[in-house]
Amino acid sequence: MSLVLFTILLLCMIAKRKPLGLTKQTFIVSPEALTSFKQRLYAYANRFETSVCLDSNSNKAACNYNRFEMLAGIGAKSVLKLESATGAFDHLKEFHARHNDWLLGYLGYDLKNGLEKLSSENADGLGFPTLFFFVPQQLVAVKGNEVEIMADAPQAVYDAIMTSEVGRESTRQHITFTPRISQEDYIEKVENVRQHIEEGDVYEMNLCMEFFAENASISPLHTYLDLLAISPVPFAAFGKFEGEQYALCASPERFLMKQGTKLISQPIKGTAKRGTTPDEDETMKRNLRNSIKEMAENVMIVDLVRNDLARSAVAGTVKVEELFGIYTFPQVHQMISTVTAQLKTGEHWADAIARAFPMGSMTGAPKVMAMQLIERYEESKRGLFSGAMGYITPQGDFDFNVMIRSLLYNATNAYLSYHVGGAITYDSIPQEEFDECMLKALAINSLWSGKI
């Protein structure tokens with residue numbers, strides 16, 4: 001056999017190798033046992049230094065594209081961890097091509113600094129890497145009542161999951177969060193942003209504030225499961241990174257998904273609290289659906305997302321499949337729109353992510369100027385908050401949430417943090433913007449209020 005022929009055959013074998021190079025086996029879980037199985041899967045994943053669990057919580061609201069009820073990447077065969085944003089997406093491309101595997105992990109908000117002439121100089125108590133992805137040792141996918149396990153020994157993994165127990169949490173430490181920005185300062189900042197809007201610098205800007213606790217001791221898994229009990233959202237995520245850093249996410253929002261050549265983004269703009277009675281609840285929904293302010297916020301971000309996707313899309317394929325959809329969650333009603341596009345032939349999947357990152361609903365418009373003003377008026381580095389967590393398949397399909405409604409925890413320095421915020425427009429009423437922040441913080445605050 002000639003050397004050329006041998007090389008061609010070897011390359012074909014490499015190209016056709018199975019993802020993960022592992023054995024796949026399917027197990028059946030009855031519908032009534034699904035909740036218990038997922039709890040056990042969380043407990044099993046938490047044994048490992050690195051794991052990511054993505055959970056749709058059987059919540060069909062605005063997530064009809066979801067491939068999985070739950071997807072868990074457990075243990076790390078190889079890790080890509082970047083502190084710098086410079087060239088980050090090129091490093092991600094190379095890491096994916098080298099391994100030809102599933103990847104799970106996150107994109108931090110401050111990757112923006114490698115995409116535009118931006119910086120992040122604000123306070124950072126968490127110290128998370130800017131980007132973190134890993135090739136899992138084991139992959140567990142829950143689809144309906146089927147559980148697919150890819151591992152060296154799938155049966156042994158299944159047995160280990162079934163014998164795992166979440167257990168009971170020891171007495172929860174009372175935690176008092178400190179706002180990085182006072183109510184008075186936040187209201188003043190809203191007024192400043194409105195002035196920028198009046199002067200034509202931006203049309204809309206997302207302004208956030210951090211709540212943090214130092215010397216905090218928590219059980220990350222129990223805290224996350226309690227958060228899910230309050231907010232069973234469609235883009236929840238539990239991330240544990242090298243045994244030190246945790247992301248406990250109850251996000252209702254999809255950043256970007258790729259299925260074949262189709263791109264899907266589902267920005268959220270527009271929030272209303274739940275009513276205390278069915279009639280009041282319907283009134284809240286109706287008021288949200290008819291709110292000129294909320295629709296104006298939503299349509300501005302939809303236009304921004306359309307522009308982001310158009311940079312990677314076949315001309316004429318960017319479509320708004322749903323505008324101003326109203327979806328109900330345990331604490332709030334949300335206005336969600338769905339934008340889709342067809343990816344250009346030859347366009348790399350990572351470039352499609354980079355051109356749309358970060359999510360427009362968490363920045364404002366125009367995007368670069370909004371991010372410059374965010375750096376000026378916010379007082380904390382966003383880090384993973386308002387970034388994205390998700391998966392990438394061996395074929396380059398992916399699905400990422402928007403990292404909102406999330407607790408972030410560094411177990412090494414015992415720093416616990418969450419952010420809340422909202423979109424500021426010229427019509428914003430500063431006190432109401434602050435009140436909306438407090439509404440969004442309700443689920444997290446209730447973890448320590450005894451009202452869960």
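**Note on the predicted model**

1. The cysteine sulfur closest to that of cysteine 208 belongs to cysteine 437, and at 7.2 Å it is too far for a bond. The cut-off for a disulfide is a pair of cysteine sulfur atoms within 2.5 Å. Cysteine 208 has a relative accessible area of 1% and is therefore buried (buried means under 20% relative accessible area, exposed over 50%, partly exposed in between, with a 1.4 Å probe and protein chains only). For cysteine 53, the closest cysteine sulfur is 13 Å away, in cysteine 249, again too far for a bond. Cysteine 53 is buried as well, at 0% relative accessibility. How many disulfides does the rule give? The count is zero disulfides.

2. This is a predicted model, in which local features need pLDDT of at least 70, side-chain atom pairs count only at pLDDT 80 or more, and totals for chains, interfaces and linings use all residues. Residues are numbered from 1 along each chain as its sequence is written, and side-chain values use heavy atoms, with hydrogens and water left out.

3. On confidence, the average pLDDT of the protein is 92, and 94% of the residues score at least 70 (pLDDT is the predictor's confidence in each residue, from 0 to 100). Residues 3-18 have pLDDT under 50 throughout, and the model gives this stretch six contacts beyond four places in sequence; contact means heavy atoms within 4.5 Å. Where pLDDT is low, the predicted coordinates should not be read in detail.

4. Next, a helix pair. Helix H2 covers residues 34-45 and helix H5 covers residues 154-162 (helices are DSSP runs of H or I with at least four residues, strands are runs of E with at least two, and both are numbered from the N terminus). The two pack at an angle of about 105°, with their axes 8 Å apart. Axes are lines fitted to C-alpha atoms, for helices over the stretch in contact, and angles run from 0 to 180 degrees between N-to-C directions. H2 and H5 are therefore roughly perpendicular to each other (65 to 115 degrees; under 35 is roughly parallel, over 145 roughly antiparallel, and the rest oblique).

5. Which residues in H2 and H5 meet? Phe37, Arg40, Leu41 and Tyr44 come from H2, and Val157, Tyr158, Ala160, Ile161 and Met162 from H5. By class, this contact has eight nonpolar residues, no polar ones and one charged. Here Ala, Val, Leu, Ile, Met, Phe, Trp, Tyr, Cys and Pro count as nonpolar, Asp, Glu, Lys and Arg as charged, and the others, Gly among them, as polar.

6. Valine 140 is placed in strand S5, residues 131-143. Is valine 140 buried or exposed? Its relative accessible area is 0%, so valine 140 is buried. Beyond its neighbours within four places in sequence, valine 140 is in contact with residues including Leu41, Met70, Ile74, Val147 and Ile161. Valine 190 is 50 residues apart from valine 140 in sequence, and their C-alpha atoms are 44 Å apart in space.

7. Helix H10 is largely enclosed by the rest of the structure, because six of its eight residues are buried. These are Trp349, Ala350, Ala352, Ile353, Ala354 and Ala356. Helix H11, residues 367-377, has Lys367, Ala370, Met371, Leu373, Ile374, Glu375 and Tyr377 as its buried residues. H10 (349-356) is among the elements that cover them, as are helix H9 (292-310) and strand S8 (204-213).

8. Two prolines deserve a look. The peptide bond joining phenylalanine 357 to proline 358 is cis, with omega about -10°, and proline 358 is in the loop between H10 and S16. The bond from alanine 365 to proline 366 is also cis, omega being near -10°, and proline 366 lies in the loop between S16 and H11.

9. Serine 361 also lies in the loop between H10 and S16. With a relative accessible area of 1%, serine 361 is buried. Its contacts, leaving aside neighbours within four places in sequence, are Asn206, Glu253, Pro267, Ile268, Lys269 and Ile301.

10. Last, backbone angles. Most residues other than glycine have a negative phi, and most peptide bonds are trans. Phenylalanine 324, in strand S14 (residues 319-328), has a positive phi near 65°. Arginine 405 is not a glycine either, and its phi is positive at about 50°. Arginine 405 lies in the loop between strand S18 (398-401) and strand S19 (406-410), and it counts as buried at 18% relative accessibility.
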